[in-house]
Amino acid sequence: VQLQASGGGLVQPGDSLRVSCSASGRTFSSVSFSRYSVAWFRQAPGRERVFVAAIKSRGSSTVYADSLKGRFTISRDNAKNTVYLQMNSLRPEDTAVYYCAADSSVITSNLAFQIAYAYWGQGTLVTVSS
């Protein structure tokens, strides 16, 4: 499984931005992708990578970091093998490299843990600055 994160950029405080995570692979299909749970993590400059949001396989449930509830929304389009992270009311402290991760064997209680995911994208930089 190859993951490609995209959509990052420079935005102003208060703006919205949607980043995408597209999955591909030699034998990958929309049916296969639906079996994968996908998460977003972010790493701010000089800080550890932390959990942002996750969506369970088949989109049955979502989990968010407490501090981001209400501003960020994760969703998926299995037909496009893509997961999205909609970010609203962005703040300078949201500046980070955003990584997506996927795995087909994540149980619900582990959705927020990096170690649960075997496949990682390269990250996309989001900069919030005036």
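Okay, some ground rules. The model is predicted, so local features need pLDDT of at least 70, side-chain atom pairs count only at pLDDT 80 or more, and totals for chains, interfaces and linings use all residues. Residues are numbered from 1 along each chain as its sequence is written, and side-chain values use heavy atoms, with hydrogens and water left out.

Let's start with the cysteines. How many disulfides does a search of the whole structure find? There's 1, taking a disulfide as a pair of cysteine sulfur atoms within 2.5 Å. That link joins Cys21 to Cys100, with 2.2 Å from S to S. Cys21 is in strand E3 and Cys100 in strand E9, 79 residues apart, and the pair links distant parts of the chain. (Strands, E, are DSSP runs of at least two residues, numbered from the N terminus.) The link of Cys21 and Cys100 is right-handed, with 70° about the S-S bond. Buried or exposed, then, for Cys21? Cys21 is buried, at a relative accessible area of 1%, and Cys100 is buried too, at 0%. Buried here means under 20% relative accessible area, exposed over 50%, partly exposed in between, with a 1.4 Å probe and protein chains only.

Now the core. A nonpolar core is a set of buried Ala, Val, Leu, Ile, Met, Phe, Trp, Tyr and Cys residues joined through side-chain atoms within 4.5 Å. The largest one has 38 residues, and Trp40, Leu85, Met87, Tyr98 and Tyr117 touch the most other members. Among the elements giving two or more residues to this core are strand E3 (17-24), strand E8 (82-87) and strand E9 (96-103). Take Leu85: leaving aside residues up to four places away in sequence, Leu85 touches residues including Trp40, Val52, Ile74 and Tyr98, where contact means heavy atoms within 4.5 Å.

Last stop, the rings. We've got 4 aromatic pairs. Rings of Phe, Tyr and Trp (its six-membered ring) pair if their centres lie within 6.5 Å; planes under 30 degrees apart are stacked, over 60 edge-to-face, the rest tilted. One of the pairs is Phe41 with Phe51, edge-to-face at 5.7 Å centre to centre and 70° between the planes. Phe41 lies in strand E4 and Phe51 in strand E5, so the pair ties together parts that are 10 residues apart in sequence. Phe41, at 0% relative accessibility, counts as buried, and so does Phe51 at 14%.

Notes
Helices (H or I, at least four residues) and strands (E, at least two) are DSSP runs, numbered from the N terminus.
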